[in-house]
Amino acid sequence: MSKDSPKCEKSEELEKYFRLKGAANEIRTAILRHLHCFLARDQSSAVANDWWIATAMALRDRVLEELIRTQKVHHENDVRRIYYMSLEYLPGTMLRNTAQALGILDDLELALRSLDQDFDAIAAIEPDMGLGNGGLGRLASCFQDSLATLDYPAVAYGIHYEFGLFRQEIVDGKQVERPDNWIIFGNPWQICRPENIQNVQLYGRIENTYDERGHWHPRWIGGKVIQGVPWDIPVVGYGANTVNFMRLWEARTASEFELDVFNRGEYLYAVQKQSESESISKILYPDDSTVKGKELRLTQQYFFVSCSIKDILRRYTKKNASFDKFVEKIAIQLNDTHPTVAIIELLRLLLDEYNLSWDAAWAICQGVFGYTNHTLLPEALEEWSVDLFAKMLPRHYQLICEINRRFLEDEVEKKWPHDSSKKDALSIIHNGKIRMSYLAVVGSHSVNGVAKMHSELLKSSLFPLFNELYPGKFKNVTNGITPRQWLRSCNPSLSKLIDRTLGSGWTKDLYQLHKLETVAECPIFWKKFREIKLENKIRLARTIFFTCGIQVDPHSLFDIQAKRLHEYKRQHLNLLHILYLYRKILKNPSDDAIVPRTFIFAAKAAPGYYMAKRIIHSINVVAREINNSPTIGGKIKVIFLPNYSVSLASEIIPAADLSEQISTAGKEASGTGNMKFALNGACTIGTLDGANVEIREEVGNGNIFIFGRTEEELRTIKNYNPYAHYHSNNELHEILDWIGSDYFNQKDGDNPLRDIKNSLLDGGDPFFVLEDFDDYVRAQSAVNNTFRNKAEWTKKAILNIARIGKFSSDRAIEDYATHIWHLEKVRTK
């Protein structure tokens with residue numbers, strides 16, 4: 001056996017067990033077959049990566065059988081499907097989840113043990129799929145899991161990124177972005193479908209032509225063509241009754257390689273076209289601070305929706321000769337604003353390729369599209385310059401102009417006659433920009449927010465006139481998470497404890513967790529729960545030491561903020577509180593009032609987001625100061641874990657005692673990290689923002705630590721002056737002066753914390769950090785005092801688990817299926 005292959009003990013008892021258990025033997029045989037026939041390895045020469053691939057392919061054999069069966073039933077019955085369009089997904093790794101869904105996890109572990117292999121070690125080799133960035137992508141993957149588990153026919157469309165977002169490294173305390181080449185050696189789960197390649201046109205011009213009756217028919221000609229190559233990744237529902245799939249598009253040049261040019265020695269020119277085309281699916285969210293960057297991002301969005309819409313039409317027209325049933329058979333959900341150009345692409349194809357009338361084509365578009373809005377932040381509501389859009393997509397720009405004209409003349413004029421201010425406010429094209437969120441609202445039959453508070457703000461703040469124009473169009477579907485990934489898979493010890501207490505039915509019906517309330521005051525259950533929490537914290541402490549070289553106390557309070565780095569999520573508020581505690585301990589090192597605490601951050605900042613990257617640097621500067629302080633005796637530690645991912649989250653979340661959900665009220669649409677932490681027995685400290693509002697309603701006000709101004713209170717503050725807090729709060733004044741001084745200067749003279757001070761004071765404190773600081777300190781003091789009482793803390797943690805059932809993605813999908821998609825379940829077994 002290779003020295004780098006994971007090993008474990010083999011016993012005669014195990015061998016006897018294998019002779020009795022057929023499933024494990026079948027898996028063992030399949031692993032060896034793939035090892036020999038696909039990888040050309042035997043057991044003695046196979047390395048760890050070989051074992052992972054062979055094991056994944058052994059599972060894939062079973063998955064593909066179920067995929068073929070599922071799709072055959074869907075095709076033969078011409079079922080109504082939901083087509084989910086998202087620019088990102090975050091499925092994480094698939095080995096454990098797939099084995100779990102197939103119901104063969106125990107057999108797989110035994111099969112590998114018989115081959116002297118350890119399942120956990122092999123599973124750790126699998127890279128996370130680099131298909132997303134944060135909550136948007138993870139939500140999309142949770143939804144795909146629930147769709148398959150609940151037996152809803154679905155196809156998820158996206159981009160087959162070569163590098164995903166980026167792999168984060170911390171060098172001298174600063175974020176450094178490295179390529180996340182997750183697919184460099186291939187991936188055993190994906191299947192290429194070259195027979196379904198689509199061609200995508202860009203640029204060019206419009207030629208005006210007329211038919212024999214004198215009717216105008218514009219033709220889009222010229223430009224360049226890119227090929228979209230589809231890769232399918234199966235999505236296995238829990239129990240494997242339904243296997244849906246993601247279809248991800250890879251960009252390739254449609255022209256042949258210019259061999260004669262290459263042979264003349266013009267090597268770079270010969271590969272230039274290929275390189276330009278393939279750059280489209282290289283990375284998620286290319287930097288759009290330049291014109292070229294904006295052009296690439298729009299190309300990326302149009303490429304993926306064009307391929308997807310054409311694929312939907314291909315599938316539909318195989319079974320249907322007319323478009324009479326299109327709305328009956330097709331539902332398309334736009335996951336945020338990025339895929340909005342899909343509405344125009346479908347309209348264009350129906351008009352120009354299938355010769356439908358405008359009224360028929362537009363009715364189809366409005367009949368099939370639903371739009372989920374995920375943000376209230378203006379910078380995330382995409383707008384494209386008219387000049388850029390018209391240059392790249394000339395026919396689409398014509399259609400948007402016509403949609404806007406009809407919308408303003410027919411709908412807005414009817415509602416508000418002769419009111420030019422309403423037309424100006426609602427126009428899709430405004431000040432040389434195309435407002436894509438407005439197009440999504442006009443072109444969809446349903447618009448939904450992702451938490452009650454967010455949905456109300458959509459109607460009252462973001463789209464108030466649209467809400468008045470389209471009563472009933474705006475809905476709410478509160479986000480959810482899959483309990484298969486975020487409890488059963490990532491926290492197996494807690495899952496087994498719950499199974500022994502309640503049975504396993506909660507895996508598909510999370511509301512069953514409410515039965516845990518009966519043991520919330522049971523000392524025996526407390527003891528087992530605390531043992532599992534400590535076990536998870538010890539495992540995370542090992543990861544911290546291995547990754548950061550810092551020893552932390554697993555008995556300390558693990559206070560965790562793990563999420564995308566953005567100023568509105570207020571990691572710098574957390575940092576100010578850490579400095580507040582640090583100063584208290586420095587002043588009185590012998591004071592035992594502060595319970596030992598380990599502050600853990602994990603976050604990526606967008607490469608072009610200067611302030612977010614400065615906050616990461618600041619966290620690491622403060623961490624170095626505190627972790628090396630001889631005065632405080634390790635009472636507090638500060639950790640920044642690099643390269644946050646689904647796999648890392650699966651280690652972090654089960655170990656958390658306290659979940660930091662401290663965004664500025666009114667800025668977070670929903671959040672799903674808050675749900676994941678609560679499901680794993682962490683208490684939340686948070687503002688009344690996003691889904692925190694509903695979590696408080698469910699778990700009870702006594703089991704969550706709420707602080708800060710409400711959205712309504714912040715909205716009514718006029719002429720906010722952060723200097724007022726600076727001058728009135730002596731402790732805050734001293735902290736801000738401290739971070740703005742030379743004390744935290746690095747070797748090169750740089751002090752990133754000075755930027756935080758400047759943002760909070762001279763920058764106007766746009767996210768009300770100083771406004772909420774005092775109340776945050778108060779809430780953190782309550783956390784400190786409650787954690788001292790182990791019985792009280794444990795009861796709160798258990799009640800969080802028991803009362804979080806509403807926040808299952810299964811419930812969210814049922815809401816979508818019933819109220820938006822009108823989708824029926826299709827049993828395939």
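**Ground rules.** I am working with a predicted model, where local features need pLDDT of at least 70, side-chain atom pairs count only at pLDDT 80 or more, and totals for chains, interfaces and linings use all residues. Residues are numbered from 1 along each chain as its sequence is written, and side-chain values use heavy atoms, with hydrogens and water left out.

**Confidence.** I looked up pLDDT (the predictor's confidence in each residue, from 0 to 100). The protein chain has a mean of 94, with 95% of its residues at 70 or more. Residues 1-10 fall below 50, and this stretch has 36 contacts (heavy atoms within 4.5 Å) beyond near neighbours in sequence. A friendly reminder to myself: where pLDDT is low, the predicted coordinates should not be read in detail.

**Helix pair.** Next I checked α22 (residues 523-548) against α33 (residues 790-802); their axes come within 10 Å and cross at roughly 80°. Helices here are DSSP runs of H or I with at least four residues, strands are E runs of at least two, and both are numbered from the N terminus. Axes are lines fitted to C-alpha atoms, for helices over the stretch in contact, with angles from 0 to 180 degrees between N-to-C directions. The two helices, α22 and α33, are therefore roughly perpendicular (65 to 115 degrees). On the α22 side I noted Phe525, Trp526, Phe529 and Arg530 in the contact; α33 brings residues including Lys790, Thr794 and Ile798.

**Cavities.** I then asked how many cavities of 30 Å³ or more there are. The count is two, a cavity being a set of points on a 1 Å grid over the protein atoms alone where a 1.4 Å probe fits but cannot get out. The largest cavity holds about 340 Å³ of space. I found 20 residues lining the largest cavity (an atom within 4 Å of a point), with Pro91, Asn97, Asp145, Val235 and Val236 nearest its centre. Elements giving two or more residues to that lining are α4, α7, β9 and α20. The second largest cavity has about 70 Å³, and its lining includes Lys563, Glu668 and Asp689.

Note on methods:
Angles under 35 degrees count as roughly parallel, over 145 as roughly antiparallel, 65 to 115 as roughly perpendicular and the rest as oblique. On a 1 Å grid over the protein atoms alone, a cavity is a set of points where a 1.4 Å probe fits but cannot get out, and a pocket is an open set with protein on both sides within 12 Å along at least five of seven lines; lining residues have an atom within 4 Å of a point. Grid points are joined across faces, edges and corners, and a volume is the space filled by probe spheres set on the points.
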